[in-house]
Amino acid sequence: MNARDILKQKTAEAAVKNTIQIPFSFTHLKLSGQIDTNTHIEEENMNIITDNELELKPRGILAKLSSLFIGFFVFRIFQQQKSINSAYRTVCIESEKLVLEEETLRKRIQDAEMRIVKLESAR
Amino acid sequence: MRVFQVLVTLSFGDAVSNDCFAIKQVLLDAGYTTAIYAENIDKRVKDSHVKKYNSLPKLKASDVVLYHLSTGSEMNSKIMDLPCRKFVIYHNITPSQFFTSYNGTTARLCAMGHDETLKLKDTFEAGFCDSQFNLDQLRSYGYTCPLVVRPVLIPFEDYKKKPDQEVIEKMNEDKDTVKNVIFVGRIAPNKCQQDIISVAYAYKKLYDDKVRFILVGSSNGTEKYQNKLEFYSQLLELDNVEFTGQISFPAILAYYKTASAFLCLSEHEGFCVPVLEAMCFDVPVLAYNSTAVPETMGDSGIILEDKDPATAAAYLHELLLNESIRKEVIDGQRERLKRFSYETVSKEFLKTLEEFIKREAK
């Protein structure tokens, strides 16, 4: 008898088959919010889920109005974001200019101080 | 002569990519001009012979393309129009139903892969299949071209590299009291890691000895499945089931090195490289009789005929503790491994490829 036969025989002798029931079925286990193969989905919804060409469009006057309102709202946010960006860019440029000006002024002051010192020593 | 390998994704460490690299080396050693062209290339791959598919040179009728078919992709239709000789290397495609609950994109790719494999049936002059299981599948899809079984090329020398010492120390910390049972393979629904957790539960109920079950593998793209596995393990109050996530090659070697048994309950494998890796480390293999697994194992290791957790636990218990059985199993596995030696498989591959090339082009 080879190892496979010995193991088969020993396991048969132990008679453990079907003695342990797993208290939870992995297949039926659901994590919250998860859709698995056992989740019941209506046929009409299934068609929507599997339709690749599907475009979501608002139906009904209320939905259309809401959609327009949301669209306008998003557009406004986009516009505001754009203007904030442009203002921020201006501030950055101005700030750089000021730094340069500060540098120039510091140099001038240094030059002036040098001149004063030279004048005083000449006197 | 130019022989190019083409595949969809060249990643790091998976069986198809490793096979691709090994074939490249065999072709280079045999004096062929060769390169690997892939649509997606893992950033960690540093090899001058690996190039993007869009840089594939203008092909002549005498050039040969070896196409690795293992998933659905637009490339499967592009390959039809290549003006050269085309041979397929078929690694099998996981049935999409395994993934439908966990990853819609993967499920769709698998389904596409299946349909595209059917469409490609008249594209290739000949082909290599990792196993008889894969070959039979192609025949059932209507492939009439010459097909041969050519096992995946595994450079076993790589497994002699230094394993991660940190992992070895961690695993050996309690080696006198706890035994390590491992499964190596990405966390994927077709590999049925939930059944390993069920066995862990049955083992705990039936026996007193302590066993740690380690699931080695990445869960990239199957995070939902991994979450469910972890939840399942928590519900069963198991504190001896560990997930390693994606780890380095030396760390994988360390897990093999410290394992007392390899448990595979996978339901779909086109070849199953990890089974041979375990054999390479003298780790006794206990595997479920499914798809290409028994073919890869041959007469070695232990085959489980059903998935009853208590029966599997009983087999595992004997395999872990019965020294004479362990010795016999390991001896058998060493013998089996000879069939898959790099030298044997590479010679077979080269001989068959040359025969294919000598045939008149279609």
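Author: There are zero disulfides over all chains of this predicted model. Take B:C145. The closest cysteine sulfur belongs to B:C129 and lies 8.2 Å away, too far for a bond. A disulfide needs the two sulfur atoms within 2.5 Å. B:C145 is also buried, because its relative accessibility is 7%. B:C192 is in no disulfide either: the nearest cysteine sulfur, in B:C264, is 9.1 Å off. B:C192 counts as buried too, with a relative accessibility of 3%.

Now the interface. Here 38 residues of chain B are in contact with 28 residues of chain A. The two chains bury about 2800 Å² between them. Carbon and sulfur atoms account for 69% of that area. On the chain B side, B:K228, B:Y232 and B:Y315 lose the most area to chain A. Together they make up 21% of what that side buries.

One salt bridge crosses the interface of chain B and chain A. It joins the side chains of B:D306 and A:K17, at 3.1 Å from N to O.

The largest share, eight residues, comes from α7(B). By type, the side of chain B that touches chain A holds 19 nonpolar, ten polar and nine charged residues.

Technical notes:
Residues numbered from 1 in each chain as written. Chains lettered and ligands numbered in written order. Predicted model: local features only at pLDDT ≥ 70, side-chain atom pairs only at ≥ 80, totals over all residues. Heavy atoms only, no water. Buried < 20%, exposed > 50% of the residue type's maximum accessible area, 1.4 Å probe, protein only. Contact = heavy atoms within 4.5 Å. Buried area = accessible area lost by both parts, 1.4 Å probe. Salt bridge = Lys/Arg side-chain N within 4 Å of Asp/Glu carboxyl O. Helix = DSSP H or I, 4+ residues; strand = E, 2+ residues; numbered from the N terminus. Nonpolar A, V, L, I, M, F, W, Y, C, P; charged D, E, K, R; others polar.
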